[in-house]
Each structure stands twice: as structure tokens, then as C-alpha cells.
Amino acid sequence: MTFKTIITLMAIVLSAVPADAEEDSFRIYDVQGRSLEAKLLQVDTRRGMLELELRNKQRKKVKVAIFSKSDQAYFRDWHAVQEFQSSRLKVEVRKKIVNSRMEMVQGAVRRDIDEISYEITVDNRTEFPIGDIKIEYNIYAEQQVLGNGRTEVDFFTAYGDLEVGTLAPRKSKVVKTEPFDLYKQRLSGGYDAYADGTPTNQTGKIKGVRVKFILKTPSGIIYVRELCLPEETKDRHDWVDVDGN
């Protein structure tokens, strides 16, 4: 069965902000040695301009160059995260059957095996480069196996990380998870159960997919966005780090 889900990374807030600030907070900036308290609304990297909102609700467009170097680094991070979180960065996640094969096990048991991978397309539809991007994933699955007079279930997590790097404007990149096997098996000859009473059919299935999109900003700060399919996957399954913890 072909499974296709198109995911758009929507911003949680209308404008992205660094992790150490609230979305509606004001910040103190250094403008040629003088302090300015304002809220950042927009960064125009092409023109070297930005828009601020002052405490009196006035909005001002000013040049980036008049601010301190640390403030300018903050603006670059802010803009990078804004693009990263926007709907213009689109992700397509597809379950792919890489290979199918049949094996006979224990003489009379037919096992139909699917080798499964997830294909993730990251599409930068902005006019700006977005990066450095890394992906970490957990794929939660269960496989029914033969037990002593019953069908038992083995749960497992396929996990790993993928490098996307920096996406140029209007460019996309496809990365693939490491493949893993799920199978369906049945007793040949039309029997309903094995000699020990175990039902004849055992199957495997995906229980959930959890993906972390990790952005490293120009200043080296890390931002993480998370995607769960279905949404309740995060509550039902523990995250396994790439080192196995």
C-alpha cells in the first residue's frame, strides 16, 4: 500500500523569534552607542533594512548597519528562523517500499517481506538560502511473531539522522531513511492455525513517525521543529536519540 503525506512546516507564531525571547517581547538594541527598546517585526536582507515596533506602537524602518555587530547577528538568526518556520519551507514525507521478497520459513510458512524506507523532500520556496539543516527521525513499528500457542508482538524503533545542509533559494533536496523490514506471514496449505494453536496470519505495521528538523543558524544557535505522524505519536512513544538513548 502506498502512503503519502504532504507536510507543510507552518510557523507556530507569525514571526519567528530566538528561543531565549517570547514572541511578543521587546528587546534592547545598541544603535551607535545608544539604547533602543523595540520589537523586531521584519528583516529585509536584500535591502539591508528592518522594521521595528516601538513601545508607543509606532513602526519604524531602519538600516541594519546602524546597529551593533551583536544585534546584526541577532537579526540574521531571526531571519533564518523566520524562513525556516514559514510555510515556504515545505516537506513531503513518503513511505516507500524499497524491495519486496518472499521466503519460506519453517518449511510450510510463507513470509512476504517489505523493505521499507521513508523519503523526505525538503523544498525551499523562498528567495533566500536556508541552512544548515539536519534531520533526526524515529519510526515506530510493531511486528507480530509466532508465540507459544498465540501471536506475540515485537515493538521496535528505526532511528537515525540525515544531512540536508543548506538549501539554496528555490531548491529542494531528497533524503532517505535507512530501510527496515516488516512482513506478513501465513501457513500454507489452507490451515487456520499452527499445531500449537497459534493463528496462521502474522503482520507488521507502522505505529507512528516522529521527525525533528534541526536548524543551525549563522551564529551557531540550534533551533528544532518537530513533526509527528499521527499527531499523538509524541505522547505515545519515547524518543530514541541517534546514539540509541
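Lys and Arg count here as positive and Asp and Glu as negative; His and the chain ends are left out. On that basis the chain carries 39 positive and 38 negative charges, and their mean positions lie 7 Å apart. The model is a predicted one.

**Overall form**

The chain holds two helices and 13 strands. Its radius of gyration is 25 Å, well over the 18 Å that the globule rule gives for 245 residues, so the chain is more spread out than a compact globule. Other whole-chain values follow.

| Property of the chain | Value |
|---|---|
| Box filled by C-alpha atoms, along the principal axes | roughly 85 × 30 × 30 Å |
| Accessible surface | about 14100 Å² |
| Share of that surface from carbon and sulfur atoms | 47% |
| Buried share of the 245 residues | 43% |

Contacts reach along the sequence too. Take those between residues at least 6 apart: 63% of them join residues at least 24 apart.

**The cores**

The largest nonpolar core has 29 residues. Ile120, Val122, Ile135 and Phe213 touch the most other members. Several elements each supply at least two residues of this core, among them helix 1 (69-85), strand 7 (109-124) and strand 12 (204-216). Strand 8 gives the most, with six residues.

Look at Ile120. Leaving aside residues up to four places away in sequence, Ile120 touches Val91, Glu92, Val93, Ile135, Leu162, Lys173, Val174, Val175 and Phe213. Another core, of 13 residues, lies apart from the largest one. Its members include Tyr29, Leu50, Val64 and Phe67.

Definitions and conventions:
Residues numbered from 1 in each chain as written. Predicted model: local features only at pLDDT ≥ 70, side-chain atom pairs only at ≥ 80, totals over all residues. Heavy atoms only, no water. Core = buried A, V, L, I, M, F, W, Y, C linked by side-chain atoms within 4.5 Å. Buried < 20%, exposed > 50% of the residue type's maximum accessible area, 1.4 Å probe, protein only. Helix = DSSP H or I, 4+ residues; strand = E, 2+ residues; numbered from the N terminus. Contact = heavy atoms within 4.5 Å. Rg over C-alpha atoms; globule rule 2.2 N^0.38 Å. Areas by Shrake-Rupley, 256 points an atom, 1.4 Å probe, with all protein chains shown as cover. Charge placed at Lys NZ, Arg CZ, Asp CG, Glu CD.
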